[in-house]
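Please open the model in your viewer and keep the selection tool at hand.

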Amino acid sequence: MGFDELLRELQPGAGAQAAGIRRGYGGPPPRSVALTAGPDRLRCASLLKPLYAWAAAGLIGDHERWRRHAEPAVVVSSNSDTLALWLSVGPRAVLDAIHRRTGVRWAPPNADPSRFGSVEVSAAEVAAAYAELAQAALAGDPVAGAILEWMRLVGGEQTFGAREALAAPEAAVKCGWYGGLEETCLRTHAVAVLTPGGNRVVVVVGLTAQPYTDELERDIYQARVAEGLPVEAEHEKAGGALLRGLLHTTLTELGET
């Protein structure tokens, strides 16, 4: 299924973005693809956690303290550990460090800079930032290398079948999901990093925002969130198939399938 078919199935009010980058020596020429339907920018907090960890490493003097928070932030998507990294050096310092390393500039949220999850991004920006992270790892950056290894440890229950969709069981993956009290969409998103060999890196990103307007379903969803119960099944139902379709189609458009 191509992008046209995927977008034809979008409900009114839905949003979807996909982006991919292929670059490096020892393979086909560089290539990038990007697609946006709906809002130009979305929030996808969990996808940014590995990038926050990478940026914070050079700003926190105590490596063990950094790792104590960075590893769970990446592997199990710990919000409390991400917040510890984010606030220990300051939101603007983290985002400025990402800009210096990747060329991608993001702004802290205006209302409350401490809310790391409210940074708005595009799929193309996320792909560009991860391509720099992956190439840094291949060039010998030990922090970038550790972060990609942690992403390879992210459990299948957190990935919405991303590795299966890409036929890449070794992929470094980070996924996320959220539906805020003030939102009428469920957001489900994923990034995957593949290193096919040599100095090559391939990054694919999918962002989705699927309408979730039934009041009773939203009340049940929010009650589960408040009780700390899992809600991945609702995100799978709302956006899992679309997310996997975006990832697979992006990889195909890059010429990697």
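Helices of at least four residues and strands of at least two are taken from DSSP runs, and both are numbered from the N terminus. Keep in mind that what you see is a predicted model.

A compact globule of 257 residues would have a radius of gyration near 18 Å, and because the chain has 17 Å, the two agree. Of these 257 residues, 53% count as buried.

Next, select Ser46, Lys49, Asn79, Trp177 and Tyr178, which, of the 29 residues lining the largest pocket, are the closest to its centre. The space in this pocket comes to about 700 Å³. Now colour helix H2 (45-57), helix H4 (79-89), strand E5 (172-178), strand E6 (185-197) and helix H9 (215-226), each of which supplies at least two residues of the lining; the largest share, five residues, comes from E5. By type, the lining divides into 12 nonpolar, 11 polar and six charged residues.

Then turn to the largest nonpolar core, where, of 56 residues, Trp66 and Trp106 touch the most other members. Which residues does Trp66 touch, leaving aside those up to four places away in sequence? Select Ala53, Ala56, Ala57, Ile60, Leu85, Val143, Ile147 and Trp150 to see them around Trp66. As a last stop, select Val33, Cys175, Leu243 and Leu247, which are included in a second, separate core of 17 residues.

Notes
Residues are numbered from 1 along each chain as its sequence is written. This is a predicted model: local features need pLDDT of at least 70, side-chain atom pairs count only at pLDDT 80 or more; totals for chains, interfaces and linings use all residues. Side-chain values use heavy atoms; hydrogens and water are left out. On a 1 Å grid over the protein atoms alone, a cavity is a set of points where a 1.4 Å probe fits but cannot get out, and a pocket is an open set with protein on both sides within 12 Å along at least five of seven lines; lining residues have an atom within 4 Å of a point. Grid points are joined across faces, edges and corners, and a volume is the space filled by probe spheres set on the points. Ala, Val, Leu, Ile, Met, Phe, Trp, Tyr, Cys and Pro count as nonpolar, Asp, Glu, Lys and Arg as charged, and the others, Gly among them, as polar. A nonpolar core is a set of buried Ala, Val, Leu, Ile, Met, Phe, Trp, Tyr and Cys residues joined through side-chain atoms within 4.5 Å. Buried means under 20% relative accessible area, exposed over 50%, partly exposed in between (1.4 Å probe, protein chains only). Contact means heavy atoms within 4.5 Å. The radius of gyration is taken over C-alpha atoms; the globule rule is 2.2 Å times the number of residues to the power 0.38.
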